[in-house]
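Here is a short walk through one structure for anyone meeting it for the first time. Have a look at it, then read on.

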Amino acid sequence: MGKKLWGAVVGLVVVAAAGGGVVYLRVHGLSARAKPSALEVWVARRVRDLATPSSVRDAANPVRPTELVLAEARDHFADHCAVCHGNRGDGKTMLGEGMFPPPPDLRGPATQGLTDGEIMNIIRNGIRFTGMPGFGGSDEDNWKLTHFIRHLPKLSEEERTLMNEINSLEGKPNEHAH
Ligand code: HEC
């Protein structure tokens with residue numbers, strides 16, 4: 001008798017939970033254009049933290065950030081990364097704004113608070129379940145890009161113009177010349 005009652009209670013709970021899930025989906029949908037909730041952002045970052053071994057986190061950037069290295073990385077970023085992240089790194093691009101999760105502002109504290117090793121690891125391997133691809137690439141190139149991510153908060157107008165000459169993301173370079 002008791003068994004039957006428990007069975008009914010468990011059955012009800014399962015139905016209620018499934019119903020709740022359906023209601024959540026009906027209300028929030030699975031649109032990639034929605035903004036992730038603070039909880040989703042927090043959980044995703046925690047999971048990423050847990051998945052990153054300390055040897056990766058603590059690795060130091062072996063490449064010296066000379067002007068040439070930064071210029072190379074800037075061109076590389078303009079060519080391969082800016083479609084999603086924008087020349088400024090703010091993520092305000094047609095692709096970036098339609099993604100879930102969207103690319104974060106790479107100049108902000110969340111990204112700049114990562115270690116060099118973490119940034120390099122993200123560039124090499126990508127982030128699963130997101131639009132961030134793993135680029136593979138040579139370690140050297142990935143370390144150079146890491147320097148450029150650090151440089152983004154200080155990007156000059158002149159540098160942006162050079163990037164735009166590569167990708168025309170902000171309009172054709174000579175569009176306003178007359
Ligand atoms: C197709 C779109 C796309 C391209 C191309 C792309 N990214 Fe991303 N990137 C993303 C998205 C989306 C995220 C956010 C993933 C997340 O929320 O976990 C991201 C996250 C990152 C992060 C982590 C930022 C943080 O605070 O967690 C770094 C660093 C990064 N990208 C660097 C690069 C570099 C360097 C390149 C070029 C070699 C690149 N990305 C190319 C979409 C892209």
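Which residues coordinate the iron atom of the ligand? They are His85, through its NE2 atom, and Met132, through its SD atom, at 2.0 to 2.2 Å. Bear in mind as you look around that this is a predicted model.

For comparison, ideal angles for six octahedral donors are 90 or 180 degrees.

Where do the two coordinating residues sit along the chain? His85 belongs to helix H5 (residues 82-85), while Met132 is in the loop between helix H8 (116-125) and helix H9 (139-151), so the pair ties together parts that are 47 residues apart in sequence. Both His85 and Met132 are buried.

Now for the aromatic rings. Searching the whole structure turns up one aromatic pair. It is made by Phe77 and Phe148: the ring centres are 5.2 Å apart and the planes meet at 50 degrees, so the pair is tilted. Phe77 lies in helix H4 (residues 67-80) and Phe148 in helix H9, so this pair ties together parts that are 71 residues apart in sequence. Buried or exposed, these two? Phe77 is buried, and Phe148 is buried too.

Helix H4 also crosses another helix. The axes of H4 and helix H10 (residues 157-167) come within 9 Å, crossing at roughly 45 degrees. H4 and H10 are therefore oblique to each other, and their crossing is right-handed.

Two other residues are worth a stop. Asp141 is part of helix H9, and with a relative accessible area of 31% Asp141 is partly exposed. Arg33 sits in the loop between helix H1 (2-28) and helix H2 (38-50). At 64% relative accessibility, Arg33 counts as exposed, since the cut-off is over 50%.

| Pair | Apart in sequence | C-alpha to C-alpha |
|---|---|---|
| Asp141 and His76 | 65 residues | 8.8 Å |
| Arg33 and Pro101 | 68 residues | 8.6 Å |

How values were computed
Residues numbered from 1 in each chain as written. Predicted model: local features only at pLDDT ≥ 70, side-chain atom pairs only at ≥ 80, totals over all residues. Heavy atoms only, no water. Donors = N, O, S within 2.8 Å, 3.2 Å for Na, K, Ca; no water. Helix = DSSP H or I, 4+ residues; strand = E, 2+ residues; numbered from the N terminus. Buried < 20%, exposed > 50% of the residue type's maximum accessible area, 1.4 Å probe, protein only. Phe/Tyr/Trp six-rings, centres within 6.5 Å; stacked < 30°, edge-to-face > 60°. Axes fitted to C-alpha atoms, helices over the stretch in contact; angles between N-to-C directions. Parallel < 35°, antiparallel > 145°, perpendicular 65-115°, else oblique. Left-handed = near helix turned anticlockwise from the far one by under 90°.
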